[in-house]
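Me: I have a model on screen and want to learn how to read it. Can you take me through it step by step?

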Amino acid sequence: MTGKKKKKQTHLTAGSHIGAGVDVGHCSGVRDRYAACGSATEYYEKYGAQYQNPHEAQVLALLRANETRVDYSRTLDFCAGSGEVTLALQRNARGGRFEDRKVLACDPFTADAFALRTGTPLDWEFSFEDVARGALDEVVAPHQRFSACVCSFALHLAPEALLWPVCHALLRVSARLVIITPHKRPVLELVDPEKIELEFADETPTERGKMVRLKCYKLRSIDTTINN
Ligand SMILES: C[S@@+](CC[C@H](N)C(=O)[O-])C[C@H]1O[C@@H](n2cnc3c(N)ncnc32)[C@H](O)[C@@H]1O
């Protein structure tokens with residue numbers, strides 16, 4: 001695959017990659033931080049290099065609990081942050097029967113944080129807008145489609161008008177779309193129920209009792225050769 005897209009990054013110094021994450025128990029605090037920067041996108045543009053999710057344990061637990069229900073053999077970690085999903089999938093696979101797992105990652109703002117934690121570079125730096133315009137279709141050949149795309153703690157940040165175009169684009173290159181979210185949104189099965197199907201859902205509480213949800217979707221009409 002080719003087409004890696006470079007965008008300007010803020011510089012990261014070792015040890016500074018904490019505290020910029022979304023704390024479910026302090027959603028208004030996070031919203032305030034987004035508002036202070038103008039928008040969530042501008043916030044990550046400025047502070048993406050320092051991002052780490054304070055609810056990484058819930059991401060790991062949800063992926064592990066549902067490991068056998070999704071084929072993660074070839075996964076796209078979309079909006080990869082500092083590698084929360086990539087690291088969880090690798091950690092869950094280690095020493096077990098999923099060792100041949102391959103995870104590719106994409107995020108427009110967290111290249112430094114991702115490289116620092118995972119030791120590997122992002123594969124792409126596409127934004128919601130790029131993906132909605134078909135950027136992934138240009139770099140993922142039909143025989144390279146993913147068995148799953150995981151988008152964790154991020155799809156609620158997509159502008160409403162881009163939500164379906166982004167999800168449809170992700171499902172063109174992936175057999176399954178797995179969303180992990182600290183919110184009830186997005187409810188994709190209501191966005192276009194004729195096209196998209198909720199296969200299963202799960203949830204796990206944070207220390208403060210707030211729910212983090214995992215939802216697995218597939219397109220109703222597409223011939224998903226990898227995962228059927
Ligand atoms: C709350 S973080 C989630 C990161 C990681 N997946 C996790 O589970 O912790 C949201 C991510 O969305 C990315 N993001 C923000 N605006 C974006 C945009 N316009 N297009 C694509 N990604 C964006 C940020 O760079 C950030 O990594």
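Reply: We will go from the whole chain to one helix pair, then to the ligand. Keep in mind that this is a predicted model.

Me: How many helices and strands does the chain have?

Reply: Nine helices and six strands. Buried residues account for 38% of the 228 residues in the chain.

Me: What share of the contacts with a separation of 6 or more comes from residues 24 or more positions apart?

Reply: The share is 75%.

Me: Now the helix pair. How is a packed pair described?

Reply: Two packed helices are described by the angle between their axes and the distance between those axes. Here, take helix 3 (residues 56–65) and helix 4: their axes come within 9 Å and cross at roughly 45°. Angles from 65 to 115 degrees would count as roughly perpendicular, and those under 35 as roughly parallel. Helix 3 and helix 4 are therefore oblique to each other. Their crossing is right-handed.

Me: Which residues make the contact?

Reply: Helix 3 brings Glu56, Val59, Leu60, Leu63 and Arg64. Helix 4 brings Glu84, Val85, Ala88, Leu89, Arg91 and Asn92. By class, this contact has six nonpolar, one polar and four charged residues.

Me: On to the ligand. Which residues come nearest?

Reply: Asn53, Gly81, Phe109, Ser127 and Ser152, out of 23 residues around the ligand. That shell divides into 14 nonpolar, seven polar and two charged residues.

Me: Which helix supplies the largest share of the shell?

Reply: Helix 2, with three residues. Helix 2 (40–47) and helix 4 (84–93) each supply at least two.

How values were computed. Residues numbered from 1 in each chain as written. Predicted model: local features only at pLDDT ≥ 70, side-chain atom pairs only at ≥ 80, totals over all residues. Near = placed C-beta within 6 Å. Helix = DSSP H or I, 4+ residues; strand = E, 2+ residues; numbered from the N terminus. Nonpolar A, V, L, I, M, F, W, Y, C, P; charged D, E, K, R; others polar. Buried ≥ 20, exposed ≤ 12 C-beta atoms within 10 Å, placed from the backbone. Contact = placed C-beta atoms within 7 Å. Axes fitted to C-alpha atoms, helices over the stretch in contact; angles between N-to-C directions. Parallel < 35°, antiparallel > 145°, perpendicular 65-115°, else oblique. Left-handed = near helix turned anticlockwise from the far one by under 90°.
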